[in-house]
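Please take a moment to look over the sequence and the structure shown here, and then read on for a guided walk through them.

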Amino acid sequence: DTVRFYMLHTSPVWTPLKFDEDGCKEIYSKYISTFKNTYSFFEMYANCDNVDPREYNIPVNERELIDKWLISKLNKLVKDVTAAFEEYDLNKVTKLVIPFLNDDLSNWYIRSNRRRFWESDLTDSKKAVYLTTYEVLVGLCKMCAPIIPYTTEEIYRKLTKEESVHLADY
């Protein structure tokens with residue numbers, strides 16, 4: 001997965017590419033490990049709280065502003081990534097996904113909402129943060145499955161308990 005993502009991120013598929021092992025290490029640390037760590041954070045707290053976000057049905061318009069913001073960013077990302085896939089521009093796909101994962105999800109949303117995950121009571125706010133994080137991780141898995149199939153398969157199956165991300169509707 002790391003090599004595949006590195007090759008697509010470094011240059012468009014129609015241009016020559018010199019392989020760089022350090023570039024692969026950078027892609028792993030900046031993207032794939034961030035994706036895995038975000039999932040691990042979610043999984044750890046969901047397991048501690050014995051929470052299954054699939055059981056909650058909190059409409060987006062009833063969630064906190066930061067949840068709505070992240071869902072909005074995800075929807076824009078889906079739109080832009082779908083357009084890039086339709087243009088067969090996988091380089092563009094990777095360039096769209098990385099800032100969303102690193103900046104919006106990991107650095108902003110997760111860090112800003114740690115207190116909501118840490119709340120002792122299972123409030124609607126806590127349910128919403130779990131549900132929002134779950135929906136975003138599932139969406140990222142579906143979106144990135146063509147590029148990093150093994151990583152997304154592992155995370156998706158653990159999240160959803162479904163057979164495969166590759167059988168899910170995008």
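Predicted model: local features only at pLDDT ≥ 70, side-chain atom pairs only at ≥ 80, totals over all residues.

Residues are numbered from 1 along each chain as its sequence is written, and side-chain values use heavy atoms, with hydrogens and water left out.

The protein chain has seven helices and zero strands, where helices (H or I, at least four residues) and strands (E, at least two) are DSSP runs numbered from the N terminus. The radius of gyration, taken over C-alpha atoms, is compared with a globule rule of 2.2 Å times the number of residues to the power 0.38. For the protein chain the radius is 16 Å, close to the 15 Å that the rule gives for 170 residues, so the chain is as compact as a globular protein of that length. Its C-alpha atoms fill a box of roughly 55 × 30 × 30 Å along the principal axes. Of the 170 residues, 47% count as buried, a word that means under 20% relative accessible area, with exposed meaning over 50% and partly exposed in between (1.4 Å probe, protein chains only).

Turn now to one pair of helices. Helix H2 (residues 21-49) and helix H6 (residues 124-144) pack at an angle of about 145°, with their axes 11 Å apart; these axes are lines fitted to C-alpha atoms over the stretch in contact, and angles run from 0 to 180 degrees between N-to-C directions. Among the residues that meet are Tyr31, Phe35 and Asp49 in H2, and Lys126, Tyr130 and Cys144 in H6, contact meaning heavy atoms within 4.5 Å. The residues of this contact divide into 12 nonpolar, two polar and two charged, where Ala, Val, Leu, Ile, Met, Phe, Trp, Tyr, Cys and Pro count as nonpolar, Asp, Glu, Lys and Arg as charged, and the others, Gly among them, as polar.

Finally, consider two residues beyond helix H7. Valine 165 is found in the segment after H7 (149-160), and it counts as buried because its relative accessibility is 4%. Leaving aside neighbours within four places in sequence, valine 165 is in contact with Cys141, Lys142, Ala145, Thr152, Glu153 and Tyr156. Glutamate 162 also lies in the segment after H7, but its relative accessibility is 41%, so it counts as partly exposed. With the neighbours within four places again left aside, glutamate 162 is in contact with Tyr156 and Arg157.
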